[in-house]
Amino acid sequence: MNWEFNESFARDLDAKDPLGDYRNRFYIPKINGEESVYFTGNSLGLQPKTTRSFINQELDDWAEFGVEGHFHGKTPWFAYHKALTKASATVVGAKESEVVVMNGLTTNLHLMWVSFYQPTTTRYKILCEAKAFPSDQYVMESQAKFHGFNPDDAIVEVSPREGEHCIRKEDILAKIEELGDSLALVFWGGVNYYTGQLFDIKTITARAHNVGAKAGFDLAHAAGNVELKLHDWDVDFAAWCSYKYLNSGPGNVSGVFVHERHGDNAELPRFAGWWGHDEERRFLMEKGFVPTKGAEGWQLSNAPVFGMAAHRASLDIFEEVGMDKLIEKSRLLVAYLEFVLDDVSSRNENCNFEVITPKDTAERGCQVSVLLHGHGKGLFDKLTALGVISDWREPNVIRMAPVPLYNSFEDVYRFGKKLEASL
Ligand SMILES: *Cc1c(COP(=O)(O)O)cnc(C)c1O
């Protein structure tokens, strides 16, 4: 495409965009009375206008039926989680039996580790990316300690090479080979939260399996952003949150994937709760936990219905649009953003923006992380004052996510203008 940095060009792209109308289905935050340029859908996705009615439905059922809402509501609460399964499975490329929505993300990671990190005295190493999201680091440290290992010994990190920002796939694969029989678990982010680098989940999983290790992924920045085929890729487990690209509201519930190879394995260690018990016998309230089949067997508690109602509102939109169309638009938005950054940068002597997110579309989603050489937080603060909501990371990185569901090409254009004005 021959990109142009001007308003009519951007508007023209919006007019031709098959997903253009979806923006109207979301509330766009305003700054100074004007719609903001909201580039933080990777941190907290925007609110669909339908969310309120989904929550109201459950409030109404609660008012009308009280406890009987478990069986007589519009979507009976005893099985409410099932109403989220089909769409969740589609988003991550799984069979329905492999997916369940429950708890928060970090809680779910711990539950998965209980089942899939089974270290022995010789096979106990954990392989992860350097600078993983802090919650992931704390999961790894505390799990290693829980099993009696020193995290400094058990956890092995792969870093970018000197002078580089992203991690090379060959370095990950070489490390897996090197650790070989000592490797228990490869635990990786699908998309790195800082650089926006998308990893080759399929190959990492296959190589981990080659040396007899398991492979699990934190998909917080991948679910609803990039193509995922967790079942076909043979991933052992994964978990993601619903409030970033999946637009389900602050702190909301998390999704979990357990491959069907493991789903019916009652021998796997797990921390159990009544909602994971054999569905047919759940209400017999008897002793002796027998997991229900599939990912649902990892549930602990009955469904937090209000949060799940919000998640349903957003999953409905994902079902309607489909990931393919979202990814197609996401690539165009990101390419346009890169063009605008280059263009602005080339016309301003004192700045030199360096995109640290990989150029290759196979290695990124819709996040662009930019190093602002020659500029610091002052520039970011000016941008914010002008109505750009993005994300700042010390010492001089801005993370931006033009999200295909509700960001427009005009947003990217407006961002460029505001960036120029801030310089
Ligand atoms: C956002 C994010 C989390 C957040 O975890 P919560 O338990 O939902 O607070 C965890 N891991 C990664 C990689 C994230 O990006």
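Just after helix H4, Gly93 takes a positive phi of about 70°, helices being DSSP runs of H or I of at least four residues and strands runs of E of at least two, numbered from the N terminus. This is a predicted model, in which local features need pLDDT of at least 70 and side-chain atom pairs count only at pLDDT 80 or more, while totals for chains, interfaces and linings use all residues. Residues are numbered from 1 along each chain as its sequence is written, and side-chain values use heavy atoms, with hydrogens and water left out.

Helix H4 spans residues 85-92, and six of its eight residues are buried, so the helix is largely enclosed by the rest of the structure; buried means under 20% relative accessible area, exposed over 50% and partly exposed in between, with a 1.4 Å probe and protein chains only. These buried residues are Thr85, Ala87, Ser88, Ala89, Val91 and Val92, and they pack against strand E4 (99-102), strand E9 (237-241), helix H11 (305-321) and helix H12 (323-346), where contact means heavy atoms within 4.5 Å.

Helix H12 also supplies the largest share of the lining of the largest pocket, four residues. On a 1 Å grid over the protein atoms alone, a pocket is an open set of points with protein on both sides within 12 Å along at least five of seven lines, a cavity is a set where a 1.4 Å probe fits but cannot get out, and lining residues have an atom within 4 Å of a point. Points are joined across faces, edges and corners, and a volume is the space filled by probe spheres set on them.

| Space | Volume | Residues in the lining |
|---|---|---|
| Largest pocket | about 590 Å³ | 29 residues, with Leu198, Phe199, Ala362, Glu363 and Arg364 nearest its centre |
| Second largest pocket | about 270 Å³ | 18 residues, with Lys131, Pro160, His165, Tyr194 and Thr195 closest to its centre |
| Largest cavity | about 30 Å³ | Gly224, Tyr245, Phe318, Leu326, Val403, Pro404 and Leu405 |

The lining of the largest pocket draws at least three residues from each of domain 1 (7-47 + 323-422) and domain 2 (53-321), bounds that come from an automatic or database domain assignment. The lining of the largest cavity likewise draws at least three residues from each of domain 1 and domain 2.

A search of the whole structure finds zero disulfides, a disulfide being a pair of cysteine sulfur atoms within 2.5 Å. For Cys128, the nearest cysteine sulfur, that of Cys166, is 16 Å away, and Cys128 is buried, with a relative accessible area of 1%.
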